[in-house]
Amino acid sequence: MLQSELEIDSSSFVKPMLQSHVTGGLWLGLPVQFCKSHLPHEDETINSIDENGDDFPTKYLADKTGLSGGWRGFSIDHQLVDGGALVFHLVKPTEFKVFSTFKT
């Protein structure tokens, strides 16, 4: 529902959280087609801005189409859990506004 409230021409996607995203390796794979269409083609720092306006720099690995360094801090700070979901809204080439669809 939240994703449908974003601008029609916006670049966004919903990412369901799995245990591997919130514990253990704390790696977040992103949709490959989204990455190829909208994100840099080389490794880059991507800022994830939460609903409070707090900025969490994360390392985007282009070849692996996912977020690595910094994702762990975001996950822990937001107490993400298996079974929840996040909406990622690309507001700049290297900046996501991230909305939680659940609260712990």
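What share of the 104 residues of the chain counts as buried? The figure is 43%, where buried means under 20% relative accessible area, exposed means over 50%, and partly exposed lies in between, with a 1.4 Å probe and protein chains only.

Let me state the basis of this talk. The model is predicted, so local features need pLDDT of at least 70 and side-chain atom pairs count only at pLDDT 80 or more, while totals for chains, interfaces and linings use all residues. Residues are numbered from 1 along each chain as its sequence is written, and side-chain values use heavy atoms, with hydrogens and water left out.

I begin with the overall fold. The chain holds 4 helices and 7 strands; these are DSSP runs, numbered from the N terminus, with helices (H or I) of at least four residues and strands (E) of at least two. Along the sequence they follow the pattern α-β-α-β-α-β-β-β-α-β-β. A contact means heavy atoms within 4.5 Å. Of the contacts between residues at least 6 apart in sequence, 50% join residues at least 24 apart.

Next, the sheet. The 7 strands form an open sheet with mixed pairing, in the order E1-E6-E7-E3-E4-E5-E2; two strands pair if DSSP finds at least two bridges between them. The edge strands, each pairing on one side only, are E1 (11-16) and E2 (28-29).

With E6, it runs antiparallel over 6 bridges, and a hairpin of 2 residues joins the two strands. In this pairing, His89 stands opposite Lys97 of E7. With strand E3 (residues 44-49), E7 pairs in the parallel sense over 3 bridges, and here Ser48 stands opposite Phe96. Ser48 also has a bridge partner in E4, namely Phe56; E3 and E4 pair in the antiparallel sense over 6 bridges.

Why is E7 described as largely enclosed by the rest of the structure? The reason is that 5 of its 6 residues are buried. Ser100 is found in this strand. Ser100 counts as buried because its relative accessible area is 19%. Leaving aside residues up to four places away in sequence, Ser100 touches Glu51, Ala85 and Leu86.

I turn now to the core. In soluble globular proteins, nonpolar side chains tend to be buried together. A nonpolar core is a set of buried Ala, Val, Leu, Ile, Met, Phe, Trp, Tyr and Cys residues joined through side-chain atoms within 4.5 Å. The largest one here has 22 residues, and Leu30, Leu39, Tyr60, Trp71, Leu86, Phe88 and Phe96 have the most contacts inside it. At least two residues of this core come from each of helix H3 (32-38), strand E4 (55-61), helix H4 (71-77), strand E6 (85-92) and strand E7 (95-100). E6 gives the most, with 3 residues.

Finally, the aromatic rings. Rings of Phe, Tyr and Trp (its six-membered ring) pair if their centres lie within 6.5 Å; planes under 30 degrees apart count as stacked, over 60 as edge-to-face and the rest as tilted. By this rule there are 8 aromatic pairs. One of them joins Phe88 and Phe96 edge-to-face, at 5.3 Å centre to centre with 80° between the planes. Both Phe88 and Phe96 are buried. Ring pairs link Phe13, Phe34, Phe56, Trp71, Phe74, Phe88 and Phe96 into a cluster. Beyond four places in sequence, the residues that Phe88 touches include Ser11, Phe13, Leu28, Trp71 and Val98.
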